[in-house]
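Subject: Structure handover

Hello,

Please find the structure below. My notes on the helix packing, the ligand site and the backbone follow it.

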Amino acid sequence: MTDSLLHKGQRKQLVELLQTKGIRNSAVLQAIEQVPRHVFFDKALQSHAYEDKAFPIDAGQTISQPYTVAFQTELLNITHNEKVLEIGTGSGYQAAILAKMGARVFSVERQKKLYFTTKTQLKKLHLHVETFLGDGFKGLPQFAPFDKILITAAAPFIPKVLLEQLVIGGIIVVPFGEGNSQTMLSIKKISETEFEKKEHGTFSFVPMLKGISE
Ligand code: SAH
């Protein structure tokens with residue numbers, strides 16, 4: 001992996017841009033400044049890696065816009081050593097940001113091709129991320145409970161099993177809804193039966209789909 005002075009400079013500028021857009025959490029901004037986003041891109045698109053835009057990756061999926069990654073991560077309020085489940089590994093960039101912040105990340109992807117390429121990529125960065133090929137609608141019961149859960153695809157409903165796999169006091173962040181845009185929700189688990197839900201504006205994600213895809 002090459003991480004040049006130019007890349008580092010571009011990341012500093014990206015962090016400044018995210019601050020002007022309202023991202024305040026210094027741990028989130030620091031992780032964005034440290035994690036090379038260009039290594040998660042196809043060679044042909046690498047020069048665009050530090051634009052605040054989503055880009056296509058394999059299997060018709062996307063790497064989320066840096067602002068969206070920062071926004072979702074800020075809502076999760078990550079502290080060191082927390083166990084975090086991510087649904088939708090995709091490029092692996094979001095997982096890398098969480099791991100850089102000291103989280104122990106468990107990330108699930110349903111697209112076989114992405115699962116294999118991203119696993120290799122994340123290994124090279126030596127970050128604490130365990131990747132799984134699976135259906136995020138089921139979560140990862142064998143590793144539950146999680147302190148935080150992050151869904152990075154548009155969820156048509158909030159899977160009950162995911163709420164069950166959250167600790168009391170835990171938070172799930174999820175873009176909720178079908179169609180072109182979703183409402184960003186953060187849901188805090190107050191007790192086994194009580195949840196506190198907050199809305200945080202409109203975003204656009206690829207859909208969360210059932211099953212594993214070849
Ligand atoms: N976090 C990613 C964003 C990828 S886009 C990144 O930083 O690049 C969303 C991803 O969710 C896609 O890769 C898609 O294949 C995956 N996905 C959709 N439904 C899923 C499901 N049920 N289980 C696991 N992954 C899913």
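Helix α2 passes α4 in a right-handed crossing; a crossing is right-handed if the near helix is turned clockwise from the far one by less than a right angle, and left-handed if anticlockwise. The model is predicted: local features need pLDDT of at least 70 and side-chain atom pairs count only at pLDDT 80 or more, while totals for chains, interfaces and linings use all residues. Residues are numbered from 1 along each chain as its sequence is written, and side-chain values use heavy atoms, with hydrogens and water left out.

Helix packing

Helix α2 covers residues 26-34, and its axis comes within 9 Å of that of α4, crossing at roughly 120°. Axes are lines fitted to C-alpha atoms, for helices over the stretch in contact, and angles run from 0 to 180 degrees between N-to-C directions. Helices (H or I, at least four residues) and strands (E, at least two) are DSSP runs, numbered from the N terminus. The angle therefore makes α2 oblique to α4; under 35 degrees counts as roughly parallel, over 145 as roughly antiparallel, 65 to 115 as roughly perpendicular and the rest as oblique. A31, I32 and Q34 of α2 meet Y93, I97 and K100 of α4, where contact means heavy atoms within 4.5 Å.

Helix α3 (residues 66-76) packs on α4 (residues 93-100) at about 40°, with the axes 11 Å apart. These two helices are therefore oblique to each other, and their crossing is right-handed. The α3 side of the contact consists of V69, Q72, T73 and L76, and the α4 side of Y93, Q94, I97 and L98.

Ligand site

Around the ligand there are 27 residues, of which E86, S91, E109, G136 and L209 come nearest; a residue counts if one of its heavy atoms lies within 4 Å. Nitrogen atoms of the ligand take part in several polar contacts (pairs of N or O atoms within 3.5 Å):

- E86: a polar side-chain atom lies 2.9 Å from a ligand nitrogen.
- D135: a side-chain N or O atom is 3.0 Å from a ligand nitrogen.
- T152: a polar side-chain atom lies 3.1 Å from a ligand nitrogen.

Backbone

The peptide bond from A144 to P145 is cis, with omega near 5°. P145 sits in the loop between β5 (129-133) and β6 (146-151). A59 is not a glycine but has a positive phi of about 60°, and this residue is in the loop between β1 (55-56) and β2 (62-63).

Regards

Terms used:
Polar contact = N/O pair within 3.5 Å; in protein donor to acceptor, adjacent residues only side chain to side chain.
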